[in-house]
Amino acid sequence: MTFINSEGKFNENSYLIDGLIFRLPKQLAVYVIENKGIRLMIDTGVQLAARKIIAKLKEFGLFPIDKLILTHSHWDHVQGFSKLRKAMGDFEVLASENAIDNLKYPEKLNEIFGYNVEPIEGVTPVKEGEIIEVTIRIKNNDNETAYDVYLQDNNLLRYYNKSVE
């Protein structure tokens, strides 16, 4: 498997944007897959990086997105949501059906991680094996505490998110 760590387009329909967690480069990736005119962003990154992510989306011609899938409900994957929503308006948000409560009621995870994540409402639940319109396959993590969603793009042939649990 090839390790991709440079921002930009890395295959015919996939892009990487550096999420700059703790303002450190190459530590957190935000992906965008574009198929059939639909742009799906994978995770939001942290709130401090939202402005930079929006600028990169514009630079790569990917602004605005159509869909956002949250791989899981940890702060470093969802905290930038509010700023992205404010900048882009309405887009569909998807997440594992197991993560919906943590996204809607983030207080417990905010306490555990010591970060502020605002509630995310109106999330479309996805189930294992479900196919999303941009041709990715959903695989829910078996670890009931992480609620990860694994994504496989047939063009990329790799899993985007590995559980940190």
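Predicted model: local features only at pLDDT ≥ 70, side-chain atom pairs only at ≥ 80, totals over all residues.

Biologist: Where is Asp-43 found?

Modeller: Asp-43 belongs to the loop between E4 and H1.

Biologist: Does Asp-43 count as buried or exposed, and why?

Modeller: The relative accessibility of Asp-43 is 4%. Buried means under 20%, so Asp-43 counts as buried.

Biologist: What makes the approach of the Asp-43 side chain to the backbone nitrogen of Thr-71 a polar contact?

Modeller: The distance is 2.8 Å, and a polar contact requires a pair of N or O atoms within 3.5 Å, one able to donate a hydrogen and the other to accept it.

Biologist: Which residues have the most contacts inside the largest nonpolar core?

Modeller: They are Met-41 and Leu-57, in a core of 31 residues. Elements giving two or more residues to this core include E2, E3, H1 and helix H4 (100–104). Not counting residues up to four places away in sequence, Met-41 touches residues including Val-32, Ile-53, Leu-57 and Leu-84. Apart from this core lies another, of nine residues, among them Ile-33, Leu-40, Ile-42 and Val-126.

Biologist: How do you know that the buried residues of H3 line one face of the helix?

Modeller: In H3 (residues 81–88), the buried residues are Phe-81, Leu-84 and Met-88. Seen down the axis of H3, they fall within an arc of 65°, so they line one face. Their cover includes E4, H1, strand E5 (67–70), helix H2 (75–78) and strand E6 (92–96). After H3 comes Gly-89, with a positive phi near 80°.

Biologist: What makes E3 and E4 a pair of strands?

Modeller: Pairing requires at least two bridges. Five bridges join E3 (residues 29–35) to E4 (residues 38–42), so the two strands pair; they run antiparallel. Glu-34 stands opposite Arg-39 in E4.

Biologist: Why are E1 and E7 called edge strands?

Modeller: Seven strands form an open sheet of mixed pairing, in the order E1-E2-E3-E4-E5-E6-E7. Strand E1 (8–9) and strand E7 (124–126) each pair on one side only, and they are the edge strands. Helix H1 (residues 50–59) packs on the sheet, touching strand E2 (14–18), E3 and E4. The direction of H1 makes about 150° with that of E2.

Note on methods
Residues numbered from 1 in each chain as written. Heavy atoms only, no water. Helix = DSSP H or I, 4+ residues; strand = E, 2+ residues; numbered from the N terminus. Contact = heavy atoms within 4.5 Å. Axes fitted to C-alpha atoms, helices over the stretch in contact; angles between N-to-C directions. Buried < 20%, exposed > 50% of the residue type's maximum accessible area, 1.4 Å probe, protein only. Arc of directions from axis to C-beta. Core = buried A, V, L, I, M, F, W, Y, C linked by side-chain atoms within 4.5 Å.
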